[in-house]
Structure formats: C-alpha cells, structure tokens
Amino acid sequence: MKKLLWFCRIAVGLLFIFSGLIKANDPLGFSYKLEEYFEVFHTTFLNGLALSLAIFLCALEMLFGFALLIGARGKQVAWGLLLLIVFFSFLTFYSAAFKVVQSCGCFGDAIPLTPWQSFSKDLVLLLLIVFIFLNRNLIQPLFKPKTESAMLLLATIFSFGVGIYTYNYLPVIDFLPYKVGANLPEEMKIPANAVPDEYEITYNLHNKKTGDKRSITNKEYLKSGIWKDNDWEIVGEPTSVLIKKGFSAKIADLNINDAQGNSYTKELLENPFYNLIVVAYQLQNTNSDAINKINALSLNLTQNFNVRTVLLTSNSAQDAEAFSKAHKLFMEIFYADGVPLKTMVRANPGVLLMKNGTVIGKWHYHNLPGYEELVDKYIAKQ
C-alpha cells in the first residue's frame, strides 16, 4: 500500500508541477483560454480577472504538486487536489461532449491535446488522486516543520514568480509559431501532397411517394444508388462532421490588410530587408509610454537604416487613425484579426524584428532593446 501510494504521489506531483510550470511559462495565453470558458458559461464579467486567475491556478498546481512530493500538509493537499481534478474533469468533459473549447490548454501550446485526450488524462489523474485521498492519513512529511514551512514559502515565491516574470518579459520558452528563428512564409505553406481534412456529410432524405424519412451519409448515398431514385429528395442542409484531421499549416489565420481591405500579408512578411512589426492588438489597452518609446525608435531606424516599421492592430481604421494622431505615430498601420495578433507576441504592444520572412528578435515592451543595442546586435550586421 505504501509503495502504491508513493507511486501515485510521485506521478501526480510531477505531473501537476509540469502542467503548472508549462502554463505559467505563458500565463497570458492561459488567460485567453480561461476567457473562452467564461464565454461558454456566460460569465464574461470575469474576463478582467482572467490573467490573475491564470497566474494563481498555475501557481496552485505547482504548489500542490510540490507539497504532495514532500508530504507537506497531506490532508489539505489531498482535498485540494481532489477538488481541482473534479473541476478540471468537468471542464474537459464539457468541452469534449459539447465541442465548445477545442483545446483545453492543459499543457499550454507545448503539448496540444484534443478535448477527449484531455478528459482521458484527467480521468487517469482522478483515479490516482482518489487513491491518494482515501489514503491521505498515511502521508507523512519528509522534513521537520520549520524546514517544511521554509520550503513551502520558497515554492510559493517561485510558483507565483514564474507567472509574473513571463507575463512581463514573454515566455522563457516560446512554443508559438512566431518564435525567434521561425520563417513565417514557410509556416504558412501547405505542401502539394498534404492530406486535407476528411469530413462525413449526412443528408436528410424524404420519399415523396411513401413519406418515409431517413438520414444517410455521403458514402452510403453514393454506394446505395439511392440518388438515382427520383422519389427520394434531400431536405434541408446536409450536416458535416470532421472525422479525420488532415494537415494544417502552423500559421493559417494571419491576413494583413490596409484600411481599404487590400492584402499586404505577402509584402510585409517576405520583406528581404529588416522591418519592425509592432503588435498592438487592442489599442485602448496599449501601454502609451511604450508606444511613444517604440515610435521614437522606429523613427531613428527608418531615418538611419531605412527600416520599415508597421503597426498591426485589430481595431477599426477610425480608432487606429485617432490613436495614430494622438501619439504622432511614424509607423504605417495595418489590420489583422485579434486571434493571430495575440499569438504573435504576448504583449500589448510587442515588437518583432524580421528580415526576409524570418523572426530575428521578439520583445515585450518591458525589455525592448534601445536604439544602439538594436543596431549593434542586428541592423549593423546586415
């Protein structure tokens, strides 16, 4: 029994630490996932708490996992783990059964899981945690009370510190398709021999003579030859269900346009020279001091090295024009959907330095290098 309990403690503890750490690497991305759940359950009034809740949940996972491994607060931790896994299991089951949030974000963008895979993982964890809960009285601390308290304090500082740091200075490890070194045009390509998504189409049929009704898939429809019988007619719109996922480009939703709707995606992303991409997906929440600093930087780079600087936003052209006038922006303004802009860089604003389609550098506005550093490290080497 003790050996089995130790196995469960190690498995659950390490998995919770790993899961929390992976999500804490990108708390802003996790907060976007929480907002999806808030929308599903009609609790969008919690959107303002999404980021704080994301950092808290990540820290809680790491703390519970660490405490379980060292046997600290055994009974309380067992209760906390049980409540957490029941809650997570409900969310993943709901996502899978009702097809609402198609990626739970359990391991962030590092290990994407389908809803059913996430639910299966949670079921296994639930079994392990139930065993731990039933045997919670057997959990003994590995360290003396003072040492244990000190270790928990350090673990708490570390757990919250990771999320706070990565929110302010971008993920330590970037799992997104816009990471440094990625060639964006290549990430958007679909090979000629790529296997497309496979769908099953269901038709609702009605027999004009007998009044009979039946549903039939597209394969059965063709194989049975029922389409030759003029008495059968298709009623309503056919339903389409994805049965096998095919190849999809890593970047499939990025379209950059000007205010008139003209596409500039290819021109901007395949620029053979250095260009600065400033992402401010939500102008009303964009840090004003940071925009002013980036604007001055772009002016110097353009005047001295002919670096093209553009600002990408999901706001309307009217809002962008007013924002540009208010900040006397030197940059060109283009428009894209908010979802890919949030993925490009986890900051508002954030900056990407690109050349010939490749991301050379990527920064949060908190750690954006100055003009001289940017020139010495990148621009002067062209």
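Trainee: Where do we begin, and how many helices and strands does the protein chain have?

Mentor: Let us begin with the whole chain, keeping in mind that the model is predicted. The secondary structure of the protein chain comes to 13 helices and 9 strands. Along its principal axes, the C-alpha trace spans about 85 × 70 × 40 Å. Of the 382 residues in the chain, 46% are buried.

Trainee: Let us turn to pockets. What volume does the second largest pocket have, and which residues lie nearest its centre?

Mentor: The second largest pocket has a volume of about 410 Å³. Its lining is made of 27 residues, and Phe30, Leu34, Phe87, Phe88 and Leu91 are the ones nearest the centre.

Trainee: Which helices supply the lining of that pocket?

Mentor: Helix 1 (2-24), helix 2 (27-40), helix 3 (50-70), helix 4 (74-98) and helix 5 (115-134) each supply at least two lining residues. Helix 4 gives the most, with 6 residues. Sorted by class, the lining has 19 nonpolar, 4 polar and 4 charged residues.

Trainee: And cavities? How many of 30 Å³ or more does a search of the whole structure find?

Mentor: The search finds 1 cavity of that kind. About 30 Å³ of space lies in the largest cavity. The residues lining this cavity are Leu170, Pro171, Asp174, Leu176, Val345, Arg346 and Lys362. By class, 4 of the lining residues are nonpolar, none are polar and 3 are charged.

Trainee: I would like to look at aromatic rings next. What describes a pair of them?

Mentor: A pair of aromatic rings is described by two things, the distance of the centres and the angle of the planes. In this structure the count comes to 15 aromatic pairs. One of them is Phe90 with Tyr94, a tilted pair with 5.9 Å centre to centre and 45° between the planes.

Trainee: How many residues apart are Phe90 and Tyr94 in helix 4?

Mentor: They are 4 residues apart in helix 4, so about one helical turn separates them. Phe90 is partly exposed, with a relative accessible area of 42%. Tyr94 also counts as partly exposed, because its relative accessibility is 24%, and buried would mean under 20%.

Trainee: Which pair links distant parts of the chain?

Mentor: Look at Tyr264 and Phe334. Their ring centres are 4.9 Å apart and their planes are at 45°, so this pair is tilted. The two residues are 70 residues apart and link distant parts of the chain. Tyr264 is in the loop between strand 4 (239-244) and helix 9 (265-269), while Phe334 is in strand 7 (residues 332-335).

Trainee: Are these two buried or partly exposed?

Mentor: Tyr264 counts as partly exposed, at 23% relative accessibility. Phe334 is buried, with a relative accessible area of 3%.

Trainee: Which charged residues lie over a ring?

Mentor: Here are two cases to find in the model. Arg9 lies over the face of Trp6, 4.0 Å from the ring centre. Lys342 has its charged end over the ring of Tyr32, at 4.6 Å from the centre.

Trainee: Now the strands. What do the side chains do in a regular strand?

Mentor: In a regular strand, side chains alternate between the two faces of the sheet. For pairing in this structure, take strand 1 (residues 198-207), which pairs with strand 4 in the antiparallel sense over 5 bridges. Tyr199 has Leu242 in strand 4 as its bridge partner. Strand 1 also pairs antiparallel with strand 2 (residues 213-217), over 5 bridges, and Asn204 stands opposite Ser215 in strand 2. Strand 3 (residues 232-234) runs antiparallel to strand 1 and is joined to it by 3 bridges, with Asn207 opposite Trp232.

Trainee: What lies between strand 1 and strand 2 in their hairpin?

Mentor: There are 5 residues between the strands, and Gly211 takes a positive phi near 80° in this hairpin.

Trainee: How far apart are Val278 and Glu332 in sequence and in space?

Mentor: They are 54 residues apart in sequence and 9.9 Å apart in space, C-alpha to C-alpha. Val278 is found in strand 5 (residues 274-279) and counts as buried, at 0% relative accessibility.

How values were computed:
Residues numbered from 1 in each chain as written. Heavy atoms only, no water. 1 Å grid on protein atoms, 1.4 Å probe; cavity = no way out; pocket = protein on both sides within 12 Å on 5 of 7 lines; lining within 4 Å. Points joined across faces, edges and corners; volume = space filled by probe spheres on them. Nonpolar A, V, L, I, M, F, W, Y, C, P; charged D, E, K, R; others polar. Phe/Tyr/Trp six-rings, centres within 6.5 Å; stacked < 30°, edge-to-face > 60°. Buried < 20%, exposed > 50% of the residue type's maximum accessible area, 1.4 Å probe, protein only. Lys NZ or Arg CZ within 6 Å of the ring centre and 35° of its normal. Pairing = 2+ DSSP bridges.
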